[in-house]
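I opened this notebook to keep track of what I looked up, in the order in which I looked.

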Amino acid sequence: MAPHHPEDVRVKAAKPPRRAVAAADRTRQPTEVRRRLIVEAAVPLIAERGYASVGVRDVAAAAGVSVGTVTYHFGSVQEILSEAMVLNIERYYAALKEAAEEAHGGAEALRLLIDALFTQDTDRHWRMWFDYWSAGDRDQDPDQAFAGGQAERYENWHSQIRSLVERGVADGEFVCADPAGFTVRFAALSDGLALQRLRQAPELSTEDARRHMYRLVETELGTGRQPGTSGR
């Protein structure tokens, strides 16, 4: 839980009349905490059941709050899904981003990215990602804010890939005249492999998924070796 605002602490110490504290100041922190609690409770529900199978009552029960509390803070389950996905992405990429920044070069950083995309623990992330991406298509009255959030998430993902390629080019590890084009193909292949892995039709292991990604990097970036072979 985030610390209290300094002005709240001073008010309690001085014990002024209640009317001296604006309503917005009194409710701001509890509102942030309650929204976070609801989103935290929604993440495993959405990951396990799928967005379409999760209702407001399910989220309220998991969070230990009333249905009215959920509807007060969120306009729809879709809005909860959007925030839950943002939270999931932040957690998923936080450690990866830090490791990539500390990598010795673009090739090592891209290998770390590929390795993190396909592990025994990433199926939940991919389920949520595909559910999140298709959620807007289920809504007959599309939410423009939701659609904008989706576009932003994907643009951030593309930017991360592209920056690693450009770093490798600058370091002399990669040869690539079109980092943006490579990024599109990299993202498309990772999405396709992730979907195949989730469906297991045909069967696909994490090792084979990584191998396909390594081959793309080797073929298109002219590394001369698969980025995952170093030190393995």
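**Entry 1, ground rules.** I am reading a predicted model, in which local features need pLDDT of at least 70 and side-chain atom pairs count only at pLDDT 80 or more, while totals for chains, interfaces and linings use all residues. Residues are numbered from 1 along each chain as its sequence is written, and side-chain values use heavy atoms, with hydrogens and water left out.

I looked up helix H6 (residues 106-117) and helix H10 (residues 206-221), whose axes come within 9 Å and cross at roughly 150°. Helices here are DSSP runs of H or I with at least four residues, numbered from the N terminus, and the axes are lines fitted to C-alpha atoms over the stretch in contact, with angles from 0 to 180 degrees between N-to-C directions. The crossing therefore makes H6 roughly antiparallel to H10, a word kept for angles over 145 degrees. I then asked which residues make the contact. On H6 they are Leu110, Arg111, Ile114 and Asp115, and on H10 they are Arg210, Met213, Tyr214, Val217 and Leu221, where contact means heavy atoms within 4.5 Å.

Next I turned to Phe182, which lies in helix H9 (residues 179-199). Is Phe182 buried or exposed? Phe182 counts as buried because its relative accessibility is 0%; buried means under 20% relative accessible area, exposed over 50% and partly exposed in between, with a 1.4 Å probe and protein chains only. Not counting residues up to four places away in sequence, Phe182 touches Val165, Cys176, Leu216, Val217, Glu220 and Leu221. I noted that Phe182 and Leu216 are 34 residues apart in sequence, with their C-alpha atoms 9.2 Å apart in space.

I searched the whole structure and found 10 salt bridges, each being a side-chain nitrogen of Lys or Arg within 4 Å of a carboxyl oxygen of Asp or Glu. One of them joins Arg185 and Glu220 at 2.8 Å, N to O, and this pair links distant parts of the chain, with Arg185 in helix H9 and Glu220 in helix H10, 35 residues apart. Arg185 is partly exposed at 38%, and Glu220 is partly exposed at 29% relative accessibility. Another joins Arg36 and Glu40 at 3.2 Å, N to O; both lie in helix H2 (residues 23-49), four residues apart, about one turn of the helix.

How values were computed. Helix = DSSP H or I, 4+ residues; strand = E, 2+ residues; numbered from the N terminus. Parallel < 35°, antiparallel > 145°, perpendicular 65-115°, else oblique.
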